[in-house]
Amino acid sequence: MRIAVSVCLLGEPCRYDGQSASCASVAQLGEEHILVPVCPEVMGGLPTPRDPSEIQMAAGRPEEVLNARRLDVTAWFRKGAEEAVSLALDQECVAAVLKQRSPSCGTSLVYDGTFSGTVVAGAGLTARLMRERGIPVFDESQIGDLLSFLGQEPSTC
């Protein structure tokens, strides 16, 4: 089966700070599945490294994405979300594993938009769009849930 994966989880240094967020349990998925790497922010045209960005909320709903210099980068995030979802659909991905807390990939947690390090419930633009288009999303801490979803037994250490 094909699974879309935030490429930073596979060791690609594409995060805003030029680092990766390697996750061995995500990489191990490649032993039995075809991993389709995505980085919505890079796919949307943003450079690496780049200023950190956070979703700004209005009336409890995500409104726009601003970087730490308060520049509106929403268009790049939306373009990247569309590109990532299009790739996942074209590749017939059955699910996605995305980087938690990212303004693009956060599946259930994102930073609150104040650049204070505060995390709140919410989803990034790509995670939301994947769900809207029927692609189940999981974060790097939910590999067991993903394997259950795929009908496989989670491995134990």
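Which residue in S5 is the bridge partner of Ile 3? In this predicted model, the partner is Ala 95.

Strand S5 covers residues 95–98. Ala 95 and Val 97 point one way from the strand, while Ala 96 and Leu 98 point the other way. All four of these residues are buried. Strand S1, residues 2–6, runs parallel to S5 and is joined to S5 by 3 bridges. Strand S8, residues 137–139, also runs parallel to S5, again with 3 bridges between them. Within S8, Val 137 is the bridge partner of Ala 96.

**Asp 139 in strand S8**

Asp 139 belongs to strand S8. The residue is buried but has no salt bridge. The side chain of Asp 139 does make a polar contact with the side chain of Ser 141. Leaving aside neighbours within four places in sequence, the contacts of Asp 139 include Val 97 and Leu 98 of the residues named above, and also Thr 107.

**Asn 67 in strand S4**

Asn 67 lies in strand S4, residues 61–67. Why is Asn 67 classed as buried? Its relative accessible area is 6%, and the class takes in values under 20%, so Asn 67 is buried. Beyond four places in sequence, Asn 67 is in contact with Asp 51, Pro 52, Ser 53, Val 73 and Phe 115.

| Side chain | Partner | Distance |
|---|---|---|
| Asp 139 | Ser 141, side chain | 2.5 Å |

Key: Residues are numbered from 1 along each chain as its sequence is written. This is a predicted model: local features need pLDDT of at least 70, side-chain atom pairs count only at pLDDT 80 or more; totals for chains, interfaces and linings use all residues. Side-chain values use heavy atoms; hydrogens and water are left out. Buried means under 20% relative accessible area, exposed over 50%, partly exposed in between (1.4 Å probe, protein chains only). Helices (H or I, at least four residues) and strands (E, at least two) are DSSP runs, numbered from the N terminus. Two strands pair if DSSP finds at least two bridges between them. Lys and Arg count as positive and Asp and Glu as negative; His and the chain ends are not counted. A salt bridge is a side-chain nitrogen of Lys or Arg within 4 Å of a carboxyl oxygen of Asp or Glu. A polar contact is a pair of N or O atoms within 3.5 Å; within protein, one must be able to donate a hydrogen and the other to accept it, and residues adjacent in sequence count only if both atoms are side-chain atoms. Contact means heavy atoms within 4.5 Å.
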